[in-house]
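Reader: I'm new to this one. Can you walk me through it?
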2 protein chains.
Amino acid sequence: MSEAEEFMQVARAARDAATALAPLPRAPKDHALRAVADALVAAADEIVEANAGDVERAREAGTPAGMIDRLRLDRERVEKIASAVREVADLPDPVGEVVRGSTLPNGLELRQVRVPLGVVGIIYEGRPNVTVDAAVLCLKSGNAVLLRGSSSAYASNTALVRVMREALAGTEVPADAVRLVPGRDRDSVKHLLRARGLVDVLIPRGGAGLINSVVEESTVPVIETGVGNCHVYVDADADLDMALTILMNAKTQRPSVCNAAETLLVHAAVADEFLPRALAALAGAGVTVHGDERTRAYSADVVPAGEDDYTQEYVSLDIAAAVVDSLDEAVAHIRKYGSAHTDAIVTRSQPAARRFTATVDSAAVAVNASTRFTDGGEFGFGAEIGISTQKLHARGPMGLPELTSTKWIYTGDGHIRQ
Amino acid sequence: MSEAEEFMQVARAARDAATALAPLPRAPKDHALRAVADALVAAADEIVEANAGDVERAREAGTPAGMIDRLRLDRERVEKIASAVREVADLPDPVGEVVRGSTLPNGLELRQVRVPLGVVGIIYEGRPNVTVDAAVLCLKSGNAVLLRGSSSAYASNTALVRVMREALAGTEVPADAVRLVPGRDRDSVKHLLRARGLVDVLIPRGGAGLINSVVEESTVPVIETGVGNCHVYVDADADLDMALTILMNAKTQRPSVCNAAETLLVHAAVADEFLPRALAALAGAGVTVHGDERTRAYSADVVPAGEDDYTQEYVSLDIAAAVVDSLDEAVAHIRKYGSAHTDAIVTRSQPAARRFTATVDSAAVAVNASTRFTDGGEFGFGAEIGISTQKLHARGPMGLPELTSTKWIYTGDGHIRQ
């Protein structure tokens, strides 16, 4: 069987599983998730052993230590993954929620009900825990899932999926609701991108390169996630102590994530007072500042920024910086260079906060708060499948309801249209 | 200037207009819509004259009379278009609606607010009234719109857009919020399909060919609309008088629309009683029935149905028909051949209704009612931009809220993440 045929077989099996899974109520789905959690703990040794192979191959390939640490699973991490599965089981089921409803003037009873999307494809890089997280969020929301992880985690992902499927086999949730996309080369991704009609949505999770290539090539609807070039704008009316605290939190509390700050914009009216303190604090935390000419005037440590510095997501201890002459100039900068993820203003001015929140066109806008709060867990969603930076379907952190569609149901007693 | 450059100029102007339009509250938007309505009435002669050219060219090209009638504008039709604009002005503004909100345990105030999508591209065939309908729905929801109508209506659309833009010039809504895509050949559509980053969503309105080609080629997110292969399933427990009334309404009340029935499925238990009556009534209404072998046993007038008959949207006085042995077989048929638009069951059985609505995976499912009710106007939306048959973002009739996205806004007093 060719890889393409093998893919079609897997995708059709997932589609049939989705059909069987969609009408299942909450109880059997939660039961299946708890069975998955138990099975992961029970199979921890086997999973860790498969993972050790991936880690060994990554080390031989000269993968940096930080990435190897992200790849590595031990018993404790497997147990943590299992706990996360139990937390998802405890979340409310979005399926069946009546979103809107009314009785029409002619007596027709109309309601709009949440239903699963169907088959969700997840294309992701890096950590193998995503394999389980993504699968159980899809199952909980009544969807089948096709997983396409990083080839560097192939053995780990294969083991995790095998354990999950074995656990499902004893439940009402069909095992085929969780499938790994066959193959590990680039072509195997392509099958997924062209599976319109079999796959209802693709969610790429990873860097800008991955996401752009998926958007370019896919005929399946895509939800873009995760690229975050987040800004902190320090307004003329900012409380500068607060601005410094927020800036340092947004940049340094966890620089590798998408809601970390990547650009600092400072109003010229407070640049003299704020920038020397901010640049010293950033330098003290090991952050390299890439600044425009006006920023560089405050410190010889600031390296010159090019256009690229304002566009990119560093995901590292680097930050771009610029001085602006007005709030509108800050907003224009954010619109031009940002990724519409999360942008923050620090200000005591109510009109400034109102104008900033009204004119910054991003998934999240923060006022006097760190950009780091844009997160499904922080928002109280319980779990998230990713952070959408597109405008269609879902924007910002995506929880379980964002993994659903809706269906209109109307009931009459022989109603016809006049 | 090349057509590609001209397109980029138009799209950038629309993008800037969208930025200016997004924060506008309801009053100036409604004022602008009423100015558009007045201007259309005032310019009716000019519009009708431009349209006469399109009609003349269509006639010379041998276009069928029905299509020419759809293309034709007279003063009365222009006045009707203007009234529809005033009705949209009277609808509530979806922008600014707080969809969800809470105060997080740390005191952060969180709210999710409806915002415009940005720039909406509409690709449509046929009637020039869509030019105005689509434009004003986009404006009302705070979006700029790029219109790409049928080349057969190019002169009409050009006149309508000119009149709308002139009317907007005297209002707070920028005239560039309404633009016609330059050019009338196929390449001019391509620019729109590749305008990712400048255009936020594309809504193709037309036949399956148009919609498929847009989905295949677009890097801009697409909302699929309008293809409807709707089924009427007559259950073993159906009230057969009701079934006949619903069938005839769904098929013949307006056969050219997407929510008209295209396939009849009859449970074998009632086929003997129902099909002779139904086939006679359909024949009496001039409907050609394309049936399976079991259906053909009831009338010599039934022509043999192939796979294509079950798949296609006739949009004419034709209907496919088949006898099924169970409700589940009916559902399987609908899943296999349907377009997931609207499917109806006629039954007195509550369990049958429950199973049908739970397992048919379509935008709308009707119980004891005609498929013809799947319509933004009937649902009480006031107006619709189309009927989505996809699962992402919007499903079923799309009103003004479906032309929006959301933005998360969170406000703290120096909140940082621990």
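Author: Domain bounds here come from an automatic or database domain assignment. This is a predicted model, where local features need pLDDT of at least 70 and side-chain atom pairs count only at pLDDT 80 or more, while totals for chains, interfaces and linings use all residues. Residues are numbered from 1 along each chain as its sequence is written, and chains are lettered from A in the order in which they are written.

Reader: Ok, how far apart do the C-alpha centres of domain 1 and domain 2 of chain A lie?
Author: They lie 35 Å apart. Domain 1 of chain A covers 3–224 + 394–411, and domain 2 covers 230–373.

Reader: Moving to chain B, what is the strand order in the open sheet of four strands?
Author: The order is E5-E4-E3-E6 in chain B, with parallel pairing. Strands are DSSP runs of E with at least two residues, and helices are runs of H or I with at least four, numbered from the N terminus. Two strands pair if DSSP finds at least two bridges between them.

Reader: Which strands stand at the edges?
Author: E5 (178–180) and E6 (201–205) of chain B; each has a single partner strand, so one side of each is left without a neighbour in the sheet.

Reader: And how many bridges join E4 and E5 of chain B?
Author: Three, in the parallel sense. Leu147(B) has Leu180(B) in E5(B) as its bridge partner.

Reader: Back to chain A: why is E6 largely enclosed?
Author: Because four of the five residues of E6 (201–205) of chain A are buried, meaning under 20% relative accessible area with a 1.4 Å probe, protein chains only.

Notes: Side-chain values use heavy atoms; hydrogens and water are left out. Buried means under 20% relative accessible area, exposed over 50%, partly exposed in between (1.4 Å probe, protein chains only).
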